[in-house]
Amino acid sequence: MIRHLVSIDDLSLEEIQALFAWADRFAADPRGQSEMCRGMIAASVFYEPSTRTRLSFESAMLRLGGGVLTAAEMTSSSAVKGESLADTVRVVGGGYADVIVLRHPSEGAARLAASYSPVPVVNAGDGAHEHPTQTLCDLYNLHVERGHIEGLEVVLAGDLKYSRTVHSFAYALARFGAGIVCVPQPGFEMPEYVVRRLREEFGVEPVRADTRRLGALAGESDAMYLTPQKPHQLSLFTDARGWELQHVDALYMTRPQTERFDQGDGGGGQYMRLDRRDMAAESLRDAVVMHPLPRRDEISSDIDEDPRSIYFKQAARGVPIRMALLSALMGKIELPGGSPQPVESWPVSVGANPCPNPSCISRTEPRHVEPRFVLASRQPLRARCAYCSRDLLYSFVGCSTTQRYHPPGSSALRKVRPDHLVFLSDADQAGLLEFFPAGG
Amino acid sequence: MIRHLVSIDDLSLEEIQALFAWADRFAADPRGQSEMCRGMIAASVFYEPSTRTRLSFESAMLRLGGGVLTAAEMTSSSAVKGESLADTVRVVGGGYADVIVLRHPSEGAARLAASYSPVPVVNAGDGAHEHPTQTLCDLYNLHVERGHIEGLEVVLAGDLKYSRTVHSFAYALARFGAGIVCVPQPGFEMPEYVVRRLREEFGVEPVRADTRRLGALAGESDAMYLTPQKPHQLSLFTDARGWELQHVDALYMTRPQTERFDQGDGGGGQYMRLDRRDMAAESLRDAVVMHPLPRRDEISSDIDEDPRSIYFKQAARGVPIRMALLSALMGKIELPGGSPQPVESWPVSVGANPCPNPSCISRTEPRHVEPRFVLASRQPLRARCAYCSRDLLYSFVGCSTTQRYHPPGSSALRKVRPDHLVFLSDADQAGLLEFFPAGG
Amino acid sequence: MIRHLVSIDDLSLEEIQALFAWADRFAADPRGQSEMCRGMIAASVFYEPSTRTRLSFESAMLRLGGGVLTAAEMTSSSAVKGESLADTVRVVGGGYADVIVLRHPSEGAARLAASYSPVPVVNAGDGAHEHPTQTLCDLYNLHVERGHIEGLEVVLAGDLKYSRTVHSFAYALARFGAGIVCVPQPGFEMPEYVVRRLREEFGVEPVRADTRRLGALAGESDAMYLTPQKPHQLSLFTDARGWELQHVDALYMTRPQTERFDQGDGGGGQYMRLDRRDMAAESLRDAVVMHPLPRRDEISSDIDEDPRSIYFKQAARGVPIRMALLSALMGKIELPGGSPQPVESWPVSVGANPCPNPSCISRTEPRHVEPRFVLASRQPLRARCAYCSRDLLYSFVGCSTTQRYHPPGSSALRKVRPDHLVFLSDADQAGLLEFFPAGG
């Protein structure tokens, strides 16, 4: 079976650890791997520019001795003649390349591509959705710098609202059992849906955080601690002010994602800026400073020479970890340990596409895209778009065998098979689809 | 002598067959050829974007172990500083690359480039003129799917007016002795000049075709059968309705070339659309469905999984056939059998450039381009632009030794040497050039 | 220590000669070097398009068996998200590539990049400032065609005002001891600052030149001879009309750099045009004709076939000389002989950035750029911007230990240590910085 990397969840923790081990080997001799993928080709298929990401992948492939095809400006070429993404990946993956690195502005594009591509697809960013190799790179840096990830205390600072990178990193940290301290730019707090997913999928408990020891950086920020620990353990360390931050292992700064700002965003105060004075805080004594780059002004250049500033090393380590990933996807190295269970999805067989996300690939590219949903949770009942992961909005849930519908909390729904569940926006839609109220 | 591929006519049938045999070998082990062209470089020099074509060539070169230089946006670089195409190919071919893959919006650009380049030039599309590797790829697909080309019945459907691809394919099919069934979108019939060339150069006879057995697809289409057979043989199979289509070996769909539409085109009805219902027609029972891609809506996705739909395979096979072509042009493999006789051309020594095509390279790029013409036929007397192949328009023909001119049908012209013929637009021009009417 | 090539002055004459010897070897077998740089990667980082230059470097790297990363349109990608040049080179040089080939519209960009990059930086053009590999290529052509450079008589013709290429070439010719004959397009004479540097740094003496033997080409041009010879020797060969041009070894034509024209430029007469008639001049009997390309109309195509026209060969030789350079910078070959002494520079510690050049990188990219100056000469006292090489404008010079300031010619300044010199724009600025007039 072809493996893709659409989401960081497509890799088990064991597989991620195995990739780290390979990346270590590649990093030790990056110029000595040129026989690894001789004869293989990677295609960069980019529907929006992202030079840094593209070069990192292409460098990895070249270091492995493979060849690179670059389509860095897809929107100005075949796409103009009206070709669907599904067709493009079938052509490029059909004979041109052995792996496709895809960048696309629509959420879910990589999942769609993976469902059609004859060769592995790597998601190099799909809109505001996922960018799993950035996350892999960030985790790999913690691995190199700290030797482990579980139990680390990681501060996420800045724009936590729009940064795709930070959301993915938070999920992954939670999965690895690290503690997360959110220090948002005021007005750019971590969105509720991210926190909910952290809680429901990874059992993370959010509590207020007291970040006085972080000094001026925390400022007016409404800080939060997301902990994998049991609440009763945590209570030992918290008081009315919340859990007290004492020691930071890594401080992850993000730039303001101004290109994603809504009207009304960004009008606020000065964006936070990490400088030499901040780095003098005791809690940061041996914290590494990370940043996905590019930075603007949120990290002062006066700490560039500080040995704790690893953001340039962090970018450089993107190459060996991508070498490991590409080799694995192309079957040149083996990753021990089981892969994650693929989540089941089912097509929506009735009505229009109910995905509420206007920039989901299922809406921006309707050709060759069948709307699909996965069950995110049974208690409470929730379904997600299988492409963009956005939660489905609904008022009632029907059963396709009985043609009855129920309110969401109804116990009758617990017995319905997942693929028989029909999510209904309202009673009118239910009527149109010939569903009847349960007990009616 | 340097070999180029400007037109599919630059290859003899034996050479094409030899390329097929090499392509078969390369297709059997595409990743095992990386020593073939080690140290060699191909340059993609594209004056208009065509990502698919470019990637197909670059994939072929990388599979052969060669390197690739990409100039995908020539119009935004050196061309802006005013460099002529002739200079560009002399520089790129002078030391940078071992083969040039050229895409250009002007007809005849590749022929011009070939006349200056120190290394082989491959035409990857010159305006509405030729795209020989697409044709080679299409023929190769017939070879793979059917084992032979002679005697096949091939349906060409859709926009037969503007599709360069279809014209070249038709010439090549005629050369190989296949039968061609034209099923045009109404208003987009095969142009008269294409039919004339098919008749004059390849002895093809056009007759009305009865395409009822093709079902709904043929619709209102004014179908035509172009046959390499002798008319008396054909009469056995035709009645008042025309030759009856019974069995199709390949159905070649084309998209509407809206970017080339004149005003007035395309306002008409719904463009044809091949779907599952059409494919149920008995005549298509074992037809393969081809398309040069990208498609829009002219092939429904509901037949993508049909084993007769080979359009994605067709694109994939572009790589091994281009591997064969590039290796041959760079002298890495030998093609047995003689190459075609090069057609003689002569410069026009008097008056302005008489090529009637405003997008001919001899008009769009006047520097370093000497207008040249080739004699297309003596009976009737006709000359073609050596770059864009457009027929020369004229009223009289003179002889440069006698300085007499004659009407086109005059028997006196039969004795004049080709390089002494002077085509004259009218009597005024004749007078200006000091020609006198014969017998005057 | 990492070697960069920002200016041709970064290489000693011995090193340049050694590069020529390697280039000769590479030129003899360009396709046989594919093991030289296996596993290494060059990144083309271009902030403005220059396809020819980019392809020449990429061809050289591919010929050496290395890989190539192309970022040909930096302005439309990371730069848009606000990344500084300093950050970009730290990322690209930090792990993606082993050498960076940089093109940038701001003067001094390559010097800045070199000061941050962990890998060698090659300047592939920084605004109107330097383009050292073009100069290296031009010199290499003289070496190949003439066997030596010292003592040659080289005519520089055309736009000598804006052509960066011609300025760098002139400095290099002077360093090698060649004679330079300037034959400018009227209104586009060699700028005063170039002549001054030739005189001050290389001891070149400018005299009027009599170019009647050059024929029509020289026309109304106000010609000048720049000679490395001692004036008393020269007087043997000059009269009232100036030094008489008798024999030309190389004629270097340049195109009008219309993209750099100020208002008022270029309104003048017809630009000069070298044609077959000009080449009949006795003085050009065995002159080679050079041009950095692309040309427009300044060289007629009627001399393209003349064996003295080497401009296409000249471009082709850019590949082996760049192969030599890249191998040397990546440590794959050794260059005997000492490297030039690096010039000392010091940051300006007081006041605003005094560089007078508005397109200097220190002004266009203020982040991560510390203004720096180098002492260009003590007698007369002159300092240059360490990035763009533009002379600093000043009225007084202070000493940072005594806090006294002096007029520029003051003998008291001779004893001040270079790093204690403070260049002051006027008395007001001196006062603001708490300097007092000497003896006041």
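## Nonpolar core

A nonpolar core is here a set of buried Ala, Val, Leu, Ile, Met, Phe, Trp, Tyr and Cys residues joined through side-chain atoms within 4.5 Å. In this predicted model, the largest such core has 141 residues, and those with the most contacts inside it are B:Leu102, C:Leu156, C:Leu173 and C:Met190. In soluble globular proteins, nonpolar side chains tend to be buried together.

Leaving aside residues up to four places away in sequence, C:Leu173 touches C:Leu139, C:Leu142, C:Ile149, C:Val154, C:Leu156, C:Ala178 and C:Ile180.

## Helix pair in chain B

Helix H5 (residues 132-146) and helix H6 (residues 164-176) of chain B pack with their axes 9 Å apart and at an angle of about 50 degrees; H5(B) and H6(B) are therefore oblique to each other. The crossing in which H5(B) passes H6(B) is right-handed.

On the H5(B) side, B:Gln134, B:Thr135, B:Asp138, B:Leu139 and B:Leu142 take part, and they meet B:Thr165, B:Ser168, B:Phe169, B:Ala172, B:Leu173 and B:Phe176 of H6(B). Sorted by class, this contact comprises 6 nonpolar, 4 polar and 1 charged residues.

## Surroundings of A:Cys360

In chain A, the loop between strand E13 (346-347) and helix H12 (361-364) holds A:Cys360, which counts as buried because its relative accessibility is 0%. When residues up to four places away in sequence are not counted, A:Cys360 touches A:Ser106, A:Glu107, A:Cys355, A:Cys385, A:Tyr387 and A:Cys388. Although A:Cys360 and A:Cys385 are 25 residues apart along the chain, their C-alpha atoms are separated by 8.8 Å.

Terms used: Residues numbered from 1 in each chain as written. Chains lettered and ligands numbered in written order. Predicted model: local features only at pLDDT ≥ 70, side-chain atom pairs only at ≥ 80, totals over all residues. Heavy atoms only, no water. Axes fitted to C-alpha atoms, helices over the stretch in contact; angles between N-to-C directions. Helix = DSSP H or I, 4+ residues; strand = E, 2+ residues; numbered from the N terminus. Parallel < 35°, antiparallel > 145°, perpendicular 65-115°, else oblique. Left-handed = near helix turned anticlockwise from the far one by under 90°. Contact = heavy atoms within 4.5 Å. Nonpolar A, V, L, I, M, F, W, Y, C, P; charged D, E, K, R; others polar. Buried < 20%, exposed > 50% of the residue type's maximum accessible area, 1.4 Å probe, protein only.
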